[in-house]
Amino acid sequence: MDFNAYQKALSVQSRGTECPFAPGEYEHRLACVRQRMADDDIDALLLTDCSDIFYLTGYSTFEVSVHVALVVTGSSLLLQVPSIEMGPAMVTTRVPNVSGYRWEGIGEVLLPLIDALNDSADTVGIDAWHGSLRQGVLEGLKERLSGVRFVDAGGLVKKVRIVKSETEIEFLRRSAEITAVGLRAAVATVRPGVTDNDIAAAGARALLEAGSEFMSMQPIVTTGRRSSVIHANHNRVQVEPDEPVFLEFGATWHRYTAPMMQTVVAGEPSAEMGRVFDGCRRVVDALLAAIRPGATFDFAAQQAEIALAPLARKVFFSGVFGYTVGAQFPPSWVEGSGFVARGGNTEFSPGMVFHLPICLRIPGQWGIGCSETVLVTSHGAEALTTNPWSLNPI
């Protein structure tokens with residue numbers, strides 16, 4: 001049985017059985033995207049970011065290293081997947097037009113895309129800054145479609161995705177609940193003599209047992225000096241007495257992730273650790289007060305900077321006080337549709353969801369990170385996560 005026969009068999013037996021949303025929700029999303037396409041004079045969208053494709057179709061897989069594409073026109077959809085992805089395409093989507101190509105034959109992707117674009121598109125929108133758009137694919141299309149204009153439309157779907165539906169918010173709430181389960185299990189193992197791997201293993205087991213799917217990022221655990229290095233992870237390092245242990249977990253529920261950072265000390269926190277921890281709390285509190293409909297991302301960042309000011313010269317901070325989260329795939333749970341940082345003129349709206357990743361690091365010594373994932377409501381910010389806000393293991 002080749003992949004074409006496999007497609008036919010699954011289409012009869014299992015078509016769309018694991019699609020996470022009702023048809024009406026996808027129809028609404030597509031209508032919003034098509035309206036933005038019309039407003040921007042774009043005839044077709046060529047999407048290659050798995051999270052965008054998931055958002056519009058339900059397509060879900062753990063194999064995100066291969067070429068997949070979704071062509072969106074005013075009246076049609078074409079989902080293109082390699083032979084090894086025909087199963088997920090059939091089971092997780094209801095897209096009527098699915099085109100396969102041999103996994104080992106990447107050159108075969110061009111003709112179906114050309115056919116989909118040639119008849120209906122003078123202007124094609126692409127995400128020029130996303131790594132999933134292969135140069136060979138784009139150059140091949142440009143060479144064969146010399147009359148078509150390719151324009152950067154990387155933010156078009158993201159502008160629709162940034163405001164979550166009620167179902168999406170429920171998925172994020174469920175993720176937040178499981179994230180808390182994993183963190184509690186990990187924190188319970190923290191003591192001198194265990195390794196960061198031991199702590200990560202306890203947390204990962206609890207996340208999976210509580211129902212998390214494969215995660216967009218693995219549990220993050222660092223201790224001591226390594227916690228002062230941004231984006232380090234567990235590396236078989238033993239926890240020493242009175243060291244801080246930094247944890248950042250994000251469970252996945254139907255691909256939606258509500259992450260949380262927590263830091264606990266394997267013993268007694270020093271006075272300096274307490275001051276930096278209090279700084280994290282001040283910044284998060286300032287953000288919770290500033291995040292409300294009508295306020296801009298820049299305004300919230302300004303308020304957070306005021307709260308951070310007493311520690312600003314001593315600690316390293318990334319400069320991003322929040323980023324949107326939603327449906328994502330490895331290697332990141334960052335949605336990318338919005339960042340709470342200086343210069344952001346977008347206004348907060350009900351239904352947006354942000355992770356507030358406040359981690360303050362003293363280079364070469366340690367780092368303290370505490371965060372919440374928050375929902376923007378009509379009244380302000382609501383925390384979906386439940387950070388205990390204590391340096392002592394509880």
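**Close-up views of a predicted model**

The second largest pocket has a volume of about 360 Å³. This is a predicted model, in which local features need pLDDT of at least 70, side-chain atom pairs count only at pLDDT 80 or more, and totals for chains, interfaces and linings use all residues. Residues are numbered from 1 along each chain as its sequence is written, and side-chain values use heavy atoms, with hydrogens and water left out.

**View A. Lining of the second largest pocket.** Among the 24 residues that line this pocket, Asp49, Cys50, His130, Ser132 and Gln328 are the closest to its centre. A pocket is an open set of points on a 1 Å grid over the protein atoms alone, with protein on both sides within 12 Å along at least five of seven lines; a cavity is a set where a 1.4 Å probe fits but cannot get out; lining residues have an atom within 4 Å of a point. Volumes are the space filled by probe spheres set on the points, which are joined across faces, edges and corners. Helix H3 (50-57) and strand E13 each supply at least two lining residues, and E13 gives the largest share, three residues. Helices (H or I, at least four residues) and strands (E, at least two) are DSSP runs, numbered from the N terminus. By class, the lining comprises nine nonpolar, ten polar and five charged residues. Ala, Val, Leu, Ile, Met, Phe, Trp, Tyr, Cys and Pro count as nonpolar, Asp, Glu, Lys and Arg as charged, and the others, Gly among them, as polar.

**View B. Lining of the largest pocket.** The volume of the largest pocket is about 490 Å³. Its lining has 23 residues, and Ile230, His231, Glu248, Met261 and Tyr323 lie nearest the centre. Two or more lining residues come from each of strand E7 (220-223), strand E8 (244-249) and E14; the largest share, three residues, belongs to E14. The lining is made up of 15 nonpolar, six polar and two charged residues.

View C. Ile358 lies in E14, which covers residues 353-362. Leaving aside residues up to four places away in sequence, the contacts of Ile358 (heavy atoms within 4.5 Å) include Met261, Val283, Leu287, Phe317 and Cys370. Cys280 is 78 residues from Ile358 in sequence, yet their C-alpha atoms are 6.1 Å apart.

**View D. Helix H11 and its cover.** H11 (residues 297-308) has twelve residues and spans 16 Å from first to last C-alpha, close to the expected 16 Å, which is 1.5 Å times one less than the number of residues. Its buried residues include Phe297, Asp298, Ala304 and Leu308. Their cover includes helix H10 (271-290), strand E13 (334-340) and E14.

**View E. Hairpin of strands E15 and E16.** E15 (residues 366-377) and E16 (residues 380-383) pair in the antiparallel sense over four bridges; pairing requires at least two DSSP bridges. Two residues lie between the strands of this hairpin, and Leu375 stands opposite Glu382 in E16.

**View F. Lining of the largest cavity.** The whole structure holds one cavity of 30 Å³ or more. The largest cavity contains about 40 Å³ of space, and its lining includes Leu45, Asp52, Ile126, Asp127 and Val157. Strand E1 (44-47) and strand E5 (123-126) each supply at least two of the lining residues.

How values were computed
Buried means under 20% relative accessible area, exposed over 50%, partly exposed in between (1.4 Å probe, protein chains only).
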